[in-house]
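Please examine the structure shown below.

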Amino acid sequence: MRSIKIGTRNSPLALWQAREVARNLQNNNYKTDITPIISTGDKNLTEPLYAMGITGVFTKDLDIALLNKEVDIAVHSLKDIPTQLPENIEIIAVLKRDFPQDVLVRKSTSKNKELHELKIATSSLRRRAFWAKHYPETEFCDIRGNVQTRLQKLEDQDFDATLFSLAAIERMGLSVDYEFLPMMISAPAQGVVAVCARADDHEIKSLFEEVNDRKTRICIEVERNFLRALEGGCTAPIGAFAEINEKDEVRFIGRLCSLDGKNCLEIDEIFSWNHHENFGEQLAQKILNDGGRELMQEIKLRLH
């Protein structure tokens with residue numbers, strides 16, 4: 001078998017993820033070759049993501065490399081992958097989810113402030129809205145860049161704290177003080193490393209059958225189907241998190257919020273999973289029928 005060319009963004013976290021996929025392949029005696037590619041989302045660090053035509057901003061350049069056969073697979077943080085994939089590209093495997101949570105990281109001079117007093121830097125509509133739901137007077141500012149860049153901006157610039165995916169901190173092995181935030185619900189598929197390939201590359205797809213984590217796959221498909229059914233191509237403050245037990249019982253928590261966090265629709269359900277039903281879409285329909293359609297229309301008008 002030829003060496004498998006792994007495409008990845010060139011940030012430290014993305015390279016960690018690519019190496020983790022490479023390690024899984026090497027354990028099965030396959031050779032690998034990591035090819036870093038600079039993504040559009042990494043080139044533009046000034047504009048907030050929601051202003052950049054967000055869909056696929058971190059995945060587009062890797063999609064092109066994949067379709068041009070410059071790489072055999074592309075490795076991503078799954079929460080960055082749009083629910084609508086390009087033609088002839090599919091998610092062929094996910095690694096076991098590790099750290100799905102959002103956490104708060106403060107600058108050293110803001111350690112003693114109450115949560116409602118903090119000036120928060122985040123470019124995520126979801127994180128802003130979910131935070132504002134509880135602390136509506138909060139002042140927000142935008143922040144972009146990889147984990148290390150954002151940590152440096154936290155110390156250098158005029159704000160008190162920022163929010164990270166815990167996976168980013170743990171995978172980088174960073175010695176950073178952080179706080180869990182019970183009021184946050186993760187982005188759909190947060191904390192999951194995904195492998196994409198060309199849909200017609202059956203040789204590559206067959207190699208990843210053993211790598212794919214079944215439980216994670218079930219959960220992220222519920223979460224991503226929920227997202228797809230809600231957003232309809234528009235970005236919005238949406239959280240979704242599913243867990244599955246040994247009996248294939250799933251607990252799902254989902255939330256759709258207005259941009260200012262004042263109007264929130266939530267769902268918390270337990271169900272027995274089977275592969276015939278699209279549970280994510282069913283759960284999204286409950287939200288849509290409960291005022292979600294009007295809320296999504298309002299969000300689209302505000303963002304465009």
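This is a predicted model: local features need pLDDT of at least 70, side-chain atom pairs count only at pLDDT 80 or more; totals for chains, interfaces and linings use all residues.

A pair of cysteine sulfur atoms must lie within 2.5 Å to be counted as a disulfide.

Cys196 is buried, with a relative accessible area of 1%. Cys219 is also buried, and its relative accessible area is 5%.

## The disulfide

A disulfide is a covalent bond between the sulfur atoms of two cysteines. The count for this structure comes to one disulfide. It is formed by Cys257 and Cys264, whose sulfur atoms are 1.8 Å apart. The link of Cys257 and Cys264 is right-handed, with 65° about the S-S bond.

How exposed are the two partners? Cys257 is buried, with a relative accessible area of 0%, whereas Cys264 is partly exposed, with a value of 21%.

Strands of a sheet pair through backbone hydrogen bonds, either parallel or antiparallel. Here, five strands form an open sheet with mixed pairing, in the order β7-β6-β8-β5-β9. The edge strands, each of which pairs on one side only, are β7 (140-141) and β9 (179-180).

Strand β5, which covers residues 102-106, pairs with β9 in the antiparallel sense over two bridges. Leu104 has Glu179, in β9, as its bridge partner. Helix α5 (residues 147-156) packs on the sheet and touches β5 and β8 (161-165). The direction of helix α5 makes about 165° with that of β8.

## Aromatic rings

The structure holds four aromatic pairs. One of them is formed by Trp131 and Tyr135, with 5.2 Å centre to centre. The planes of Trp131 and Tyr135 make an angle of 50°, and the pair is tilted.

Trp131 is buried, with a relative accessible area of 0%. Tyr135, by contrast, is partly exposed, with a relative accessible area of 22%.

## Charges over rings

Which charged ends sit over the rings of Phe130 and Phe159? The charged end of Arg255 sits over the ring of Phe130, at 4.6 Å from its centre. The charged end of Lys107 sits over the ring of Phe159, and the distance to the ring centre is 5.9 Å.

How values were computed:
Residues are numbered from 1 along each chain as its sequence is written. Side-chain values use heavy atoms; hydrogens and water are left out. Rings of Phe, Tyr and Trp (its six-membered ring) pair if their centres lie within 6.5 Å; planes under 30 degrees apart count as stacked, over 60 as edge-to-face and the rest as tilted. Buried means under 20% relative accessible area, exposed over 50%, partly exposed in between (1.4 Å probe, protein chains only). A charge sits over a ring if NZ of Lys or CZ of Arg is within 6 Å of the ring centre and within 35 degrees of the ring normal. Two strands pair if DSSP finds at least two bridges between them. Helices (H or I, at least four residues) and strands (E, at least two) are DSSP runs, numbered from the N terminus. Contact means heavy atoms within 4.5 Å. Axes are lines fitted to C-alpha atoms, for helices over the stretch in contact, and angles run from 0 to 180 degrees between N-to-C directions.
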